[in-house]
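Let's take a friendly walk through a protein model.

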Amino acid sequence: MAHIDLPEGLPGIRGPMAFRPQTAKPLNELAEVLLRSENSLTRGERELIATYVSSLNDCFYCQNAHGGIAQHYFQCDINYIDAVKKDFESTAISTKLKSLLSIAASVQKGGKHVTPEQIEKAKHHGATDFEIHDTVLIAAAFCMFNRYVDGLGTWAPQDRDIYVERGPRRAQEGYLNFDLYK
Amino acid sequence: MAHIQVPDGVPGIRSLVMFRPESGQYLYELAQILLRGESSLTEAERELIAAYVSSRNECVFCMCSHAAAARHLFKDKKHVVNFVLDDYKTAPISDRLKSLLNIAGKVQKNGKEVLPSDVEEARKHGANDRDIHDTVLIAATFSMFNRYVDGLASFTPTDPKAYEEMGARLGEKGYVLPKQS
């Protein structure tokens, strides 16, 4: 049971968003611009950063919700996403994305854990200032979303297939003006 | 020096939202609603929670600017801010605020640290669902802002006067996206 009285049957962040729509609005606008707006990082790459950070924060709902969406964009199976979460260096993602995930991992620990060497390495692998900025902000934002979801003790369905199944629809509908109850 | 090419001499999050106003506008909108919108927590209390979380995240820029905003809003009770940053458990604040700071501190570590007993304690001291929701979201939001500001190594002023001015501006005007230079 959640720590506060949330509307019934809404998983993860949806309950808190229904509880207070005024704060849900900028949270959703932020998610939309960070994860879906035009960007040199693909939507899949950005959802993967979100998924990875959420796994570091051990947030079940967020890592599965965004993992399902990442899976759709990458057209891969769940094992691929799990492999990235477990040890991204050993996967086939680009060296640029690997260098950005290292930065994201440091942000998850704390902003000061990001080193100039990590930044240099990302730039060496072709990351632009915008891509580095967005990686840091996506990682930071998911440190917020994960704490919001878990800090209120929200409920999430435990069957991982549900999130995979919903991935395509979530990818298509985006983070603005979606129906919390669907 | 910041990790990316941001406007020179502009401190903290201001430099970052000038670099990327497309996302910055929503960060400011969130801060404005959360810290200045209608709430059962006063603006001063909410700034204090923000400063407290920022101190735990060792983010000097956020801690100093929000502590300054809290002092501005607490007015003749501004000494409370230093007491809380030093040790909230013995600070001259209400038990309700202490129990909410306890929750905020746990959220700062990880959302799962918040236990039903922490929430019960807060309710015992008069906190309602909205108070708890807002406390959790403020703590979560500052866990984002602190990482954003330090993760990009944005400029952190060392002059206390700079923060006093920021505090007064935040106290008077709230969160207004800076104009592009």
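**Chain B as a whole**

Please keep in mind that this is a predicted model. Start with chain B, whose secondary structure comes to nine helices and zero strands. If you follow chain B from the N terminus, the order of its elements reads α-α-α-α-α-α-α-α-α.

How far does the C-alpha trace of chain B span along its principal axes? The spans are about 50 × 35 × 25 Å. Another way to describe chain B is its radius of gyration, which is 16 Å; a compact globule with 181 residues would have a value near 16 Å, so the two agree.

Now look inside. Of the 181 residues in chain B, 50% are buried.

**Where chains A and B touch**

The contact between the chains takes 40 residues from chain B and 40 residues from chain A. Which elements of chain B give two or more residues to the side that touches chain A? They are α2 (21-36), α7 (116-124) and α8 (129-151) of chain B. The most comes from α8(B), with 16 residues. Sorted by class, this side of chain B has 21 nonpolar, 12 polar and seven charged residues.

**Two helices side by side in chain A**

Next, find helix α3 (residues 43-56) and helix α4 (residues 60-74) of chain A; their axes come within 8 Å and cross at roughly 155°. Why do α3(A) and α4(A) count as roughly antiparallel? Angles over 145 degrees are placed in that class, and α3(A) and α4(A) are therefore roughly antiparallel to each other. The crossing of α3(A) past α4(A) is left-handed.

Several residues make this contact, including A:Leu48 and A:Thr51 of α3(A), and A:His66 and A:Tyr73 of α4(A). By class, the contact of α3(A) with α4(A) has seven nonpolar, seven polar and two charged residues.

Most residues other than glycine have a negative phi. With that in mind, look at A:Asp58 in the loop between α3 and α4 of chain A, and at A:Asn177 in the segment after α9 of chain A. The table sets out the phi values of these residues.

| Residue | Phi |
|---|---|
| A:Asp58 | positive, about 55° |
| A:Asn177 | positive, near 50° |

Is A:Asn177 buried or exposed? A:Asn177 has 8 other C-beta atoms within 10 Å, so it is exposed. A:Asp58, with 13 C-beta neighbours inside 10 Å, counts as partly exposed.

A:Phe178 is partly exposed, because it has 13 other C-beta atoms within 10 Å. For a sense of distance, compare its place with that of A:Asp82: A:Phe178 and A:Asp82 are 96 residues apart in sequence and 27 Å apart in space, C-alpha to C-alpha.

How values were computed
Residues are numbered from 1 along each chain as its sequence is written. Chains are lettered from A and ligands numbered from 1 in the order in which they are written. This is a predicted model: local features need pLDDT of at least 70, side-chain atom pairs count only at pLDDT 80 or more; totals for chains, interfaces and linings use all residues. Two residues are in contact if their C-beta atoms, placed from the backbone, lie within 7 Å. Helices (H or I, at least four residues) and strands (E, at least two) are DSSP runs, numbered from the N terminus. Ala, Val, Leu, Ile, Met, Phe, Trp, Tyr, Cys and Pro count as nonpolar, Asp, Glu, Lys and Arg as charged, and the others, Gly among them, as polar. The radius of gyration is taken over C-alpha atoms; the globule rule is 2.2 Å times the number of residues to the power 0.38. A residue is buried if 20 or more other C-beta atoms lie within 10 Å of its own, exposed if 12 or fewer, and partly exposed in between; C-beta atoms are placed from the backbone. Axes are lines fitted to C-alpha atoms, for helices over the stretch in contact, and angles run from 0 to 180 degrees between N-to-C directions. Angles under 35 degrees count as roughly parallel, over 145 as roughly antiparallel, 65 to 115 as roughly perpendicular and the rest as oblique. A crossing is left-handed if the near helix is turned anticlockwise from the far one by less than a right angle, and right-handed if clockwise.
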